[in-house]
Amino acid sequence: MASLAGCASSADTGGLLEGQWGGPNMQVVARKSGVVVSLTCLDATFTGPVPIGADGRFTAVGAVTGASWGGVMGEQVRVSGTVVGGKANILFNFRDSAGGWDTTPTAFSVALGQPVSWPDGQTCP
């Protein structure tokens, strides 16, 4: 991940994304040392702090670090979105075959301090 700026543990903008965030089908564990995003059957790691801009926006690029059918190990991924208060709307996408970013990212909503839920009932092999 490039950056999720803002001290998200307090949900303020202009700092670093920090804390545990959860929602349907996504968990985000953010520390100053890096961010781990967990989706159904896929984990992606973003090295280093993710800054949140004064406008609440962030972008970060990382790699798949754990997967079953959800992705390929080492595949590059991007998260981008907006933090408002204790909530974040996040877009998650992969690189396409031409080296650009997939034009149909998957959207997620997470909240600071909330656990992840798996309402789709999917399980990994």
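How many helices and strands are there in the chain? The chain has zero helices and nine strands, where helices (H or I, at least four residues) and strands (E, at least two) are DSSP runs numbered from the N terminus.

## Basis of the model

This is a predicted model, in which local features need pLDDT of at least 70, side-chain atom pairs count only at pLDDT 80 or more, and totals for chains, interfaces and linings use all residues. Residues are numbered from 1 along each chain as its sequence is written, and side-chain values use heavy atoms, with hydrogens and water left out.

## Buried residues and the core

Of the chain's 125 residues, 39% count as buried; buried means under 20% relative accessible area, exposed over 50%, and partly exposed in between (1.4 Å probe, protein chains only).

The largest nonpolar core has 24 residues. Such a core is a set of buried Ala, Val, Leu, Ile, Met, Phe, Trp, Tyr and Cys residues joined through side-chain atoms within 4.5 Å. V28 and F92 have the most contacts inside this core. Strands that each supply at least two of its residues include β3 (26-31), β6 (57-67) and β8 (87-94).

Leaving aside neighbours within four places in sequence, V28 is in contact (heavy atoms within 4.5 Å) with residues including L17, W21, V36 and I90.

## The aromatic pair

Rings of Phe, Tyr and Trp (its six-membered ring) pair if their centres lie within 6.5 Å; planes under 30 degrees apart count as stacked, over 60 as edge-to-face and the rest as tilted. The count by this rule is one aromatic pair. The ring centres of F92 and F94 are 5.6 Å apart and the planes are at 85°, so this pair is edge-to-face.

F92 is buried, at 3% relative accessible area, while F94 is partly exposed, at 22%.
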